[in-house]
Structure formats: structure tokens, C-alpha cells
There are 2 protein chains.
Amino acid sequence: MQRYFVDEIKAETAVITGDNFHHITRVMRMKLEDEVYLVTPDERTAVAAISELGEDFVRLNVISWLEASSELPVEITIASGLPKGDKLELITQKGTELGAKHFLSFPAKRSISKWDGKKAKKKTERLEKIAMEAAEQSHRSFIPDFEHLDTFAALLEKSAAYDYVVVAYEESAKEGETAALATLFGTMEKDQSVLAIFGPEGGFDAEEIAKLEAHHALKVGLGPRILRTETAPFYFLAAASYAFELAKNG
Amino acid sequence: MQRYFVDEIKAETAVITGDNFHHITRVMRMKLEDEVYLVTPDERTAVAAISELGEDFVRLNVISWLEASSELPVEITIASGLPKGDKLELITQKGTELGAKHFLSFPAKRSISKWDGKKAKKKTERLEKIAMEAAEQSHRSFIPDFEHLDTFAALLEKSAAYDYVVVAYEESAKEGETAALATLFGTMEKDQSVLAIFGPEGGFDAEEIAKLEAHHALKVGLGPRILRTETAPFYFLAAASYAFELAKNG
């Protein structure tokens, strides 16, 4: 469907003249009751139908307003056990495109990387810059933030603030666990929050998993293939988008 | 446990030579009775133990066959309009982890990169190596292949061989189209094939979209955020895994 930017929609009515009038009538050869998208200066989008074709204007009536938001209806925080190299940059860039709201990192037992205070500050600044650029590029209306937690205990403490806490667990994938993520997405409601926790290369050890479970974290499998530490958050976010933004209409 | 692709397992016995022989004996320094996973060309996976360490071969005996497949129940081919830099490496590595069966690339109108015959050969070899390593790492029982098509027309011709053809279309995302992908996944049956086509940076132009549609390609939106050319295939594959491997049980 065609899309036209208009200066205003008043009393659910818009009038189009000039080039767009020409485009609608001559190029598209539209007729009465044909539908288009109208976009207002405040970035709201309406579906509208042609109600009058004048000599030099087209009048349209709004049929419905589209949900203008490009934000996921649920609030997802991605927490990564410090991975090697520059993987956090990839997680932050792609995770922002895919709709994450916040990013956390923390030292896990099997983390090879170590961040002291100075390094954490520099890295955080760089990752927030990456998130801002990715937010602009992907048409987000929210810029995700990034925070490094000094300890695993700080992550456990922080987890209490979320409606749901999940940990991506490789053994779940190997054991053929398939229902937990779909059950979670079936249970979550609009505006609820979930903290999704991912291990570093090599995953979590049994003690870390036990502590997370003691803090109400639900183990979820992300399909039967073993995903790298930076790929698992992409899967989680894309599956959430599919479940909450696409499949509900399917 | 290490994982090796073998040409055949005959009478519950396999013989490994060449690079994998080197990997088993020199890199992993395995000994008699050490166990590995063996994957056959028909995608079955066995647990096998080393029964003989020769000068230039290792003989292994099957202990048990694994039941579960780690392959997506539908066959997804990812076709990318040549993107910039080394993005095809990321698409191939992560796409393999996420379950793609085949990869194609082709020159799109807005592709900046150009591949001549010699470059295409070298790149293809490199990308197939990346796919093999990612397949082993993610416990795939199938190694995806990579093929470069010289022309857009070759892509159109090839599309006829698939049960479904879709093109990720940015305008669909902007227009708030949400149902097409869920409808597709609701329609596809086990073992059916889909060719999923992605534009380069800047996307497809209207003429390319028209040609694709004339070849029965369905335009699909991948949520309301604009994804980079390398992120869109990850979304498509993760959503397919969620729809076919997790949500069906939800």
C-alpha cells in the first residue's frame, strides 16, 4: 500500500494536493475508496480511504491508526557472562537491532576476559555508543543502555527486579527440552520485563546454574543446535519478536 | 565430546584419515577407547570409541546411535545480495548455527562488492570452511553448502525449485505488515523447502522486487525494526526454529 506524508490529519480527515495529488490520481490512478497509509509529522501512521477526488485535491478519511511503536511489547534485558574479544560489541549492535531494552555484562566462572574499573568504564562508553548508532539505524524509539556488574552476586541481586528471569542452558538443548521458551512467551504480558542470562564460552558451571535457579531463573533451551555465546541472545530476541509481534496475527 | 563428519559407517565401524586423523591424534591427543560423535552423510549421529590408532588412520566402533535430529524440520536456503566486507562470513557462520541448509549469494543492483570468477571460487571455499566449522561446533548433522550465482537472473531461475520463495522487504516492516511470515510458517510442512532472499545494504530496488514477485516470491516483514542485511537472516532462521521446534510444543 502507498504511503504519503501529510502535514496534518484533522477530525480524522486529510487533504492531499500538489505532487502527491498527482501521484495518487495520475501515477497510481486511484479511485474512490482506495486505501493508502498517511504519516503525520509526529510520526503516527493511519490507514485512510479516498472519500473525494477533486480537480486538484484528494480528500481521505482515516479508517484506523497503526501502532506507531517500533519497540517490542515486552522489555528484554540481555545479560552476558563476559565473552572473549569484541563479542559484546556484536551482541550490543545486533541485540539493539533486534529490540533489546537493556544490556548487562558480568564475570562468570568460565569468563576469560577480566574487566577492572577503568576498562569497564571505557568499554561501557563504547558499547553505549554502538547501541545508540544501532538504535538510529534500526528506527528504534529507545536507546538501550549498557551496565557492567562487578560480580555474579550483583547479577543475582539485580534479578529480583524483573517479572521473569531465564537462563539459556545448553544442556536443555542437548536434552531436547523444547517447551520452556514457548511457555514463557505464552505467559508474559505486554510491558512485563524479562532478564535473559547467557553464559560465556563454555557456559555456566553447575553451581552457577543452581544459584540462578535459587533466584527463580527458569532454564530455557533455544532449539536443538548448540549456539555460540553471542548467537544465543539473537535467537532469544528474534523468537520474542516473532512471538509477540508477528505470530499473534498469524 | 568432539564431533567428526565421516563418509560412511560400515558394519558399525568407521575409518578416519586426513585432517580429522591429524585432529584426533595430534590436536586432541586421543587414546584408545576415547569417544567421539560421528555424523554420516545421511545425517545420523553415532557415539563411537577408538578401537585402533594406525600410522595414518583411526578406526572407531559405534557404541550407540543418537535418535534426535538437530536439523530444522524445514529446509531453509539463505540467499544474500552481495553485502559489503566480510558480512557473508558472519551470515554463514551464524546462519549455520541457526540451522540454514544452503547459502547462496548473488549480485544485486545495490551491491557494492563485485565477485569475478576467481574471487568467487576463493570466497566460496572460505565460506564452506566456515560452514563446516560452525556445523561441527553447533552439533549439526548436515554441513551447509555455499554457492555464488553470477546474475540476478540465475537466482530467479533457481527459485523455481523451491516449495516457497520469500523476500525480506524493508517496506513491509515500515508499513507494519506483520502476518506474512507467521502465515508462511503456519502453512509449511515438514521437509518442505523455502528460499529466503535478502537484499544488500540499501535493499532491493522496485524492479528487483517486481521480478521476484513475478517469480512467486512472497514479501515478508521481519518485525517493526529495520534490520541490517546480515541481521535479517538470523531473525528469519531463529523465528523458524521457534515456530517449528519450540512453539509447536508450547
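How many strands form the open sheet of chain B whose pairing is parallel, and in what order? There are 6, in the order E8-E7-E6-E10-E9-E11.

This is a predicted model: local features need pLDDT of at least 70, side-chain atom pairs count only at pLDDT 80 or more, and totals for chains, interfaces and linings use all residues. Residues are numbered from 1 along each chain as its sequence is written, chains are lettered from A and ligands numbered from 1 in the order in which they are written, and side-chain values use heavy atoms, without hydrogens and water.

**The parallel sheet**

Strands (E, at least two residues) and helices (H or I, at least four) are DSSP runs, numbered from the N terminus. Two strands pair if DSSP finds at least two bridges between them. Strand E7 (residues 102-106) of chain B pairs with E8(B) over 4 bridges. Ser105(B) stands opposite His148(B) in E8(B).

Helix H7 (residues 206-214) of chain B lies across strands E9 (164-168), E10 (193-198) and E11 of chain B. H7(B) runs at about 125 degrees to E11(B). Axes are lines fitted to C-alpha atoms, for helices over the stretch in contact, and angles run from 0 to 180 degrees between N-to-C directions.

**The mixed sheet**

Chain B also has an open sheet of 5 strands, ordered E1-E3-E4-E5-E2, with mixed pairing. Its edges are strands E1 (3-5) and E2 (13-16) of chain B. Strands E3 (residues 35-39) and E4 (residues 45-53) of chain B run antiparallel, joined by 5 bridges. Here Glu35(B) stands opposite Ala49(B) in E4(B).

**Where the chains meet**

Contact means heavy atoms within 4.5 Å. Buried area is the accessible area (1.4 Å probe) that two parts lose on being put together, summed over both. A salt bridge is a side-chain nitrogen of Lys or Arg within 4 Å of a carboxyl oxygen of Asp or Glu.

| Between chain A and chain B | Value |
|---|---|
| Residues of chain A in contact | 48 residues |
| Residues of chain B in contact | 45 residues |
| Buried area | about 3,800 Å² |
| Salt bridges | 6 salt bridges |

Carbon and sulfur atoms give 59% of the buried area. One salt bridge links Glu230(A) and Lys94(B), with the closest N and O atoms 2.9 Å apart. On the side of chain A that touches chain B, H8(A) supplies the largest share, 10 residues.
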